[in-house]
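Q: Could you walk me through how the helices pack in this model, and then through its pockets?

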Amino acid sequence: MKSIKSAGDRFFAVMAYIIVILSIMSTTVMWNYLKGAFIPIGTYRYLLLAISLLLVLVTNSYNFKDLSFITLIICYLLVFIFFSQINPFKYFSNLCMPLTASLLIVFVYYQHGKGNLLLASYANIVLIVAGVSLFFYFFGSILGLRIGAIDTNYYWADNPHFTTSYCYLYFHQPLQDQIYLGHHVIRNTGIFTEAPGYTLFLLNGLIIELFVKKSKTFWRIGLILVTLLTTLSATAILLGALAVLLSFLQYLQAQGKLNLKIVIPALAGLRSYRYPNQKIRWFVLLSQS
């Protein structure tokens, strides 16, 4: 029985990595926009839908009673798309199909108690991408060492743009660079076309590391935080700092050294003291919970 169980675990683990990679590829990663790219983003979504249906069948997770809620959501989306959109096929591809695949994948994994495999796989991919981008960002973009550098074009919003790729594992985006205090500053966008997309990707990994995993590995958290700083995104830096602060407060609460029902309303009170005209009814409700 142990071998069967371990084989099942390996199957779910391998499929989790495939799902995460396909999900990332269906977003604004540079490989989809390079000149000569031949795989449309929609292809990855079709593959995800096929994998989700395969998982339902292979794992015997097709009980209608359990899937009734997902079925109702899909039916609602199909009716909504058919009656309200000019191009039903386009919105089916962009909305209904990826949402259906996501619901089915999450349903199967959590029904079999493997939900953490999806999150752990995502966090591991984030860590690999962050480490690679950080290496090429410092040694390539900052120090100017053209390690495996390839000058190429990509198409964004149907317009051609120039970029430098490092082994096609990191892309320096001149359009994303900024001027700070009169100095030209390079932003780390990793494998994404824009820094905001990369920061969201990194923040997801940081949240998993801080709040989902039972044991925290500080070098993993530190690597993601340093990479977030190199994106030069104020939103990412603030949200990253907030996530670390909340994780620390959560740790203190678990140690019995802090009561979040006192700290959070107190922080809200300080904010209302600074901005007395703003209503903070949510703070009152939170303090009474």
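A: To begin with orientation, α4 and α5 are oblique to each other, because an angle under 35 degrees counts as roughly parallel, over 145 as roughly antiparallel, 65 to 115 as roughly perpendicular and the rest as oblique. This is a predicted model, in which local features need pLDDT of at least 70 and side-chain atom pairs count only at pLDDT 80 or more, while totals for chains, interfaces and linings use all residues. Residues are numbered from 1 along each chain as its sequence is written, and side-chain values use heavy atoms, with hydrogens and water left out.

Q: At what angle do the axes of α4 and α5 cross, and how were the axes drawn?
A: The axes of α4 (residues 88-111) and α5 (residues 115-142) cross at roughly 120° and come within 6 Å. Axes are lines fitted to C-alpha atoms, for helices over the stretch in contact, and angles run from 0 to 180 degrees between N-to-C directions; helices (H or I, at least four residues) and strands (E, at least two) are DSSP runs, numbered from the N terminus.

Q: Which residues make the contact of α4 with α5?
A: On α4 they are I105, Y109 and Y110, and on α5 they are G115, L117, L118 and L119, where contact means heavy atoms within 4.5 Å. By class, the contact of α4 with α5 has 6 nonpolar, 1 polar and no charged residues, with Ala, Val, Leu, Ile, Met, Phe, Trp, Tyr, Cys and Pro counted as nonpolar, Asp, Glu, Lys and Arg as charged, and the others, Gly among them, as polar.

Q: OK, and how do the axes of α5 and α7 cross?
A: The axes of α5 and α7 cross at roughly 50° and come within 9 Å, so α5 and α7 are oblique to each other. Their crossing is left-handed, which is the term used if the near helix is turned anticlockwise from the far one by less than a right angle, with right-handed used if clockwise.

Q: Which residues of α5 and α7 meet?
A: Residues of α5 including A123, N124, L127, Y137 and F138 meet residues of α7 including W219, R220, L223 and T230. The contact of α5 with α7 divides into 11 nonpolar, 5 polar and 1 charged residues.

Q: And α7 with α8, at what angle do their axes cross?
A: The axes of α7 (residues 218-230) and α8 (residues 234-254) cross at roughly 155° and come within 9 Å, so α7 is roughly antiparallel to α8. L225, L228 and L229 of α7 meet A236, I237, G240 and V244 of α8.

Q: Switching to pockets, what volume does the largest one have?
A: The largest pocket has a volume of about 590 Å³. On a 1 Å grid over the protein atoms alone, a cavity is a set of points where a 1.4 Å probe fits but cannot get out, whereas a pocket is an open set with protein on both sides within 12 Å along at least five of seven lines, and lining residues have an atom within 4 Å of a point. Grid points are joined across faces, edges and corners, and a volume is the space filled by probe spheres set on the points.

Q: What lines the largest pocket?
A: It is lined by 23 residues, of which I19, V20, S23, S102 and Y122 lie nearest its centre. The largest share of that lining, 6 residues, comes from α4.

Q: And which residues line the second largest pocket?
A: Among them are I21, W31, I125, S133 and F201. The lining of this second largest pocket has 11 nonpolar, 1 polar and no charged residues, and its largest share, 5 residues, comes from α5.
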